[in-house]
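I opened a new structure today and kept notes as I went. Here is what I looked up.

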Amino acid sequence: MTSFADTAALPKNYLNERWSVRSWLLTTDHKRIALLYFASITMFFFIGGFAATLIRLHLVVPSGGLLQPDTYNRMFTMHGVVMVWFFLIPSIPATLGNFLVPLMIGARDLAFPRINLASWYVFNVSGAMVLLALFMGGIDSGWTFYTPLSTTYTNGYVTLALLAVFINGFSTLMTALNFVVTVHKMRAPGMSWFRLPLFIWALYATSIVMLLATPVLAMTVLLVALERMAGVGIFDPALGGDPLLFQHMFWFYSHPAVYIMILPAMGVISEVIPCFARKPVFGYAGMTYALMAIAVIGFLVWGHHMFTAGISVFSAVVFSLMSFLVAVPSAIKVFNWTATLHKGRISFQAPMLYALGFIGLFTVGGLTGLIVATAALDIHLQDTYFVIAHFHYVMVGGAVSAFFAGLHYWWPKITGRLYHEIWAQIAAGLMFLGFNLTFFPQFILGYLGMPRRYYTYAPEWQVWNVLSSAGASILAVAYLMPLFYLSWSLFRAERAAPNPWRATGLEWQTTSPPAEDNFSRTPTVTEGPYEYNSSTGGCVAQNGALYE
Amino acid sequence: MSYIIGWFVLLLLLGLSTLSAFLSLGSVAPLLQFAIAVTQAGLVFVLFMRLRDAQALPRIFAGIGFFWLALLFVMTAIDYATRSGMPQP
Amino acid sequence: MWIPLWPASSAISGNVINALFTAELVVCVLILALVFGLIWVFCIRYRHSTTVDRGHPSQRSWVFEIGWTSATLVAFLVLFVWGANAYVWLYEPPRADLELYVVGKQWMWEIEHPGGQREINALHVPNGKIVRLVMASQDVIHSFFIPAFRMKHDVVPGQLETMWFQPTQTGTYRLECTEFCGTEHAHMTGEVIVMTPAAYAEWLSNQGADKTLAAQGEQLFRNYGCSGCHGVNSTVHAPSLVGLYGSLVHLNDGTTVRADERYIRDSILLPRSQVVAGFAPVMPSFSGQISEADTLKILAYIQSLNPSGNAP
Amino acid sequence: MRILRPATQFATIAQQGEVAHLGIWVFLATEIMFFGALIFTYVTYRHLHPVDFAAAAAHTELWCGTVNAVLLLTSSLTMVLGIDACTAGRRRIAVRWLAATILLGLGFLGVKSYEYVADYHEQVVPALNFIFRHGEHPPAELFWVFYFIATLLHAVHMTIGLGLVLYMTYRVCRGDFTRFYRAPLEVVGLYWSFVDTVWIFLFPMLYLNGRS
């Protein structure tokens with residue numbers, strides 16, 4: 001790949017081309033839409049995080065000193081709804097994905113730029129609805145909206161929240177549709193499927209999952225909303241309806257949703273690790289097969305959320321088997337990342353620290369996933385803090401760590417500025433520590449039998465809860481830090497060269513930040529995505545300051 | 001011309017399906033009607049929606065939805081078909 | 001200060017789960033140690049400033065990949081088989097020594113003993129006996145969880161659920177609802193008191209119950225008008241209920257079902273969904289007209305009509 | 001004739017057409033899942049309550065459903081004939097076929113409205129005036145809930161489709177499409193035929209049960 005590097009005088013780029021508010025709100029540039037999405041999901045991340053902080057503060061004492069029971073229930077519901085649909089699902093795809101998909105495949109934009117913009121507006125409409133529900137008094141059905149609690153027995157603004165989730169689905173679908181068509185039809189000359197960066201593969205697999213799962217969720221929440229609004233009993237046992245049918249439909253979406261969160265994260269890690277180890281990713285083809293296998297088998301495992309719910313013993317065994325099978329490709333990915341480090345030339349800037357943290361936390365999350373996938377053990381662990389800890393290790397330790405890894409890795413490309421390395425490393429370390437302190441005690445609490453969604457608990461469990469809350473306060477500080485040092489870097493930091501990490505990949509061959517139409521001429525691709533060489537020097541540098 | 005023939009076959013199948021509802025076929029009737037519906041839908045997809053002359057990609061995406069829908073049906077049917085709450089003697 | 005790390009196990013199911021959990025924990029720790037160990041070693045040995053030999057990184061990645069794919073697959077399948085076996089054993093109830101009825105409602109557990117004794121948020125059981133619970137919910141989904149027994153089952157409105165356990169140690173254990181069921185979900189807790197059989201018998205006799213559950217059910221059977229058609233002297237063409245419980249029933253769509261608690265309950269509430277072969281679907285629906293507690297009592301009565309006197 | 005230029009993100013007009021084509025098929029895959037999920041709930045409940053569903057379905061207006069099926073199948077034909085005429089450059093004929101499509105679609109909605117009024121008088125509308133007939137059990141209401149959700153969602157799709165066909169007719173009149181580029185028209189045609197397919201599946205589910 002050739003490099004056309006010189007950017008001495010700051011040329012026109014997507015940020016400084018136009019300045020008006022209108023040029024942002026009506027933009028069809030995928031890069032600007034990515035930034036708009038950044039703003040939206042950052043807000044939702046801190047709203048959801050605020051609810052989590054209140055929950056952990058409340059649980060410092062067994063009797064629950066801080067919140068009323070009703071308020072507590074509304075807080076964990078809000079935490080779940082906001083974090084799942086308004087942060088985690090769009091997090092990496094709608095921000096980093098939006099920004100990078102055209103850049104990485106050498107296209108000028110996504111296939112449907114206006115649909116992409118519409119996606120952001122739809123997302124914000126649904127977000128506003130959820131916030132409205134929050135401010136009018138909240139929702140207390142749990143983010144899972146289990147019937148008949150959600151349809152008949154709660155008083156919160158469940159209908160509004162359901163409709164918000166319904167509308168939110170459209171924004172997901174529009175993003176996914178764009179990615180699928182763009183990856184299929186708009187790759188630069190020479191960019192064959194097996195020259196695609198793994199991040200693109202991951203987003204492609206994610207988009208497929210989004211496209212096929214989200215409509216089922218849309219129909220499910222629509223049925224629940226109708227049942228609640230019109231009083232017609234769709235899942236009401238009195239009319240012969242079956243609450244378990246709701247659970248089947250809900251988890252047909254919501255389990256693959258976990259893969260919507262973690263597959264893009266795997267993609268980010270597959271970019272960061274080769275770059276900072278200066279080695280091609282180990283087993284590239286295997287990594288792509290593993291991604292697609294996770295996307296497909298991930299649809300066959302949803303029943304493991306229902307092992308104790310009254311599904312047939314036989315089907316539980318089938319779902320358990322599938323759940324074990326889906327763990328195999330995940331294990332392959334962990335081993336391949338580890339093998340990539342072998343004989344590398346590893347440096348430990350912030351993105352790499354986040355990536356290594358991801359491997360560790362995701363491995364713990366994945367292995368405890370095996371424990372809860374074991375049908376017999378799930379009888380004991382279902383709906384306890386063990387499950388909470390497990391999925392936070394995957395979603396927060398995994399997906400959020402990867403989000404920060406990607407954010408720091410591509411920050412120079414996105415903003416044209418370098419972030420402050422020392423602060424970033426401190427934040428990465430604090431996040432890792434705080435995370436483990438928060439969630440590891442919850443594994444123990446879970447096996448002890450502490451159920452989730454309890455605002456009060458047995459006094460003998462206090463030690464672990466206090467540890468967990470202490471960890472949460474560290475975590476809160478660690479999450480606030482990037483807000484400050486990254487914002488600061490926007491105005492004060494050194495300008496970034498086009499390729500500060502000396503990374504491969506098309507996105508590094510254009511200017512930082514990229515021009516409005518990405519490339520001055522359409523690039524031609526002649527080699528695979530990770531042509532690093534660890535034996536001939538070429539260590540990672542930041543703005544020319546070589547680490548040697 | 002093939003469109004007209006296709007349309008004629010579609011109407012014929014519709015009539016057949018409607019007729020089957022009035023015969024005492026028992027539990028065969030819904031299956032027969034479903035088979036007819038699948039045939040009709042296939043005709044519409046292949047003929048009117050031009051999957052016949054389409055490239056591979058649209059064909060794959062036309063099939064993918066039905067395939068995933070089958071996953072939803074089959075995996076749930078496994079549950080409903082084998083539920084029982086009683087110790088087997 | 002005493003810090004709890006590992007909960008006591010006081011039932012056979014608890015021991016089964018403990019063994020399986022320990023085994024999986026060991027496997028997990030081994031894999032973790034492998035991955036973390038390799039990462040540490042690589043990160044230190046191949047950090048950017050060292051000058052170790054980096055030549056000839058292995059090209060034959062697929063050999064390794066197939067290796068660890070099959071290794072994990074085999075390990076996972078072993079765990080799966082063990083877990084699935086245990087699950088089937090835990091969730092297929094054996095012949096019970098004692099059957100109790102549980103109704104969950106916002107926000108309490110109501111437990112009925114066969115002799116008519118009734119308790120709220122407490123469950124007295126004799127030690128060493130196989131206890132089977134037949135559970136129903138009056139409103140939303142609850143989940144009946146006894147951590148010390150490692151046993152749990154959701155209680156879904158609209159269907160009867162069953163679960164069983166065999167305590168091995170006398171004592172008092174926590175009872176919890178683990179499926180979020182509304183505002184006071186956290187207070188839907190109680191105690192399981194495992195007593196020696198003698199103490200249990202004494203406890204039962206001190207509860208002052210005047211009528212057994214089946215007798216109460218018989219009363220309701222008349223009050224709701226069931227006996228008009230299903231009674232012994234009825235002239236209406238309705239299936240006889242004597243000996244029904246546990247038998248095989250042929251339905252008019254050609255299938256056969258076992259007349260378990262769930263079937264009998266469904267037939268009371270939505271009788272047309274499963275019609276007995278040879279009978280017209282004329283029974284009215286009792287859906288929404290009869291409480292779960294009453295349904296369970298009628299169920300107890302119908303069970304008592306078995307000549308042999310117990311479940312198959 | 002206007003000169004066609006691809007949108008900025010595309011290299012050629014052919015690529016733009018292919019992208020539109022793939023886009024609509026991907027979208028239709030999501031629609032299959034959306035309606036499929038509804039049909040899935042229906043099938044499950046019908047399996048659980050066969051007698052009640054059959055009894056309730058016997059009260060639907062069979063002739064309405066059948067006439068509508070004929071109208072829709074025919075409209076799929078006229079749509080595709082319109083696209084073919086447009087491809088051949090016969091603009092006036094294309095507009096006529098598209099107009100026929102719109103009329104058939106309106107006919108469908110007309111029959112459907114008539115049917116809804118009849119349903120209202122029969123007192124089978126859940127949440128409005130539903131009453132159980134003699135001997136009917138609760139799952140009967142479940143059937144009618146599905147009947148209304150499915151037909152209303154389908155009608156919403158029909159209405160959107162009618163708007164799109166109308167807009168396409170206008171664009172054909174304006175001369176937007178040529179032998180080389182008529183992707184929007186084809187996209188709308190695919191959508192229209194898909195909505196037709198949905199009815200093909202709804203028809204036996206809602207109208208043909210419980211007739212024998």
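I began with terms: two strands pair if DSSP finds at least two bridges between them. Helices (H or I, at least four residues) and strands (E, at least two) are DSSP runs, numbered from the N terminus.

I noted that this is a predicted model, where local features need pLDDT of at least 70, side-chain atom pairs count only at pLDDT 80 or more, and totals for chains, interfaces and linings use all residues. Residues are numbered from 1 along each chain as its sequence is written, while chains are lettered from A and ligands numbered from 1 in the order in which they are written.

Entry one, the sheet. In chain C I found 5 strands in an open sheet, ordered 3-2-1-5-8, with mixed pairing. Its edge strands are strand 3 (118-120) and strand 8 (161-165) of chain C, and each pairs on one side only. I then looked at strand 5 (residues 131-137) of chain C, which pairs with strand 8 of chain C in the antiparallel sense over 5 bridges. There, C:V131 stands opposite C:F165 of strand 8.

Entry two, chain B. I read off domain 1 (1-53) and domain 2 (55-84) of chain B; such bounds come from an automatic or database domain assignment. The C-alpha centres of these two domains of chain B are 21 Å apart.

How many residues of chain D are in contact with chain A? I got 28, against 32 residues of chain A (contact: C-beta atoms, placed from the backbone, within 7 Å). Helix 1 (13-48) and helix 5 (139-174) of chain D each give two or more residues to that side. Helix 1 of chain D gives the most, with 17 residues.

Definitions and conventions:
Two residues are in contact if their C-beta atoms, placed from the backbone, lie within 7 Å.
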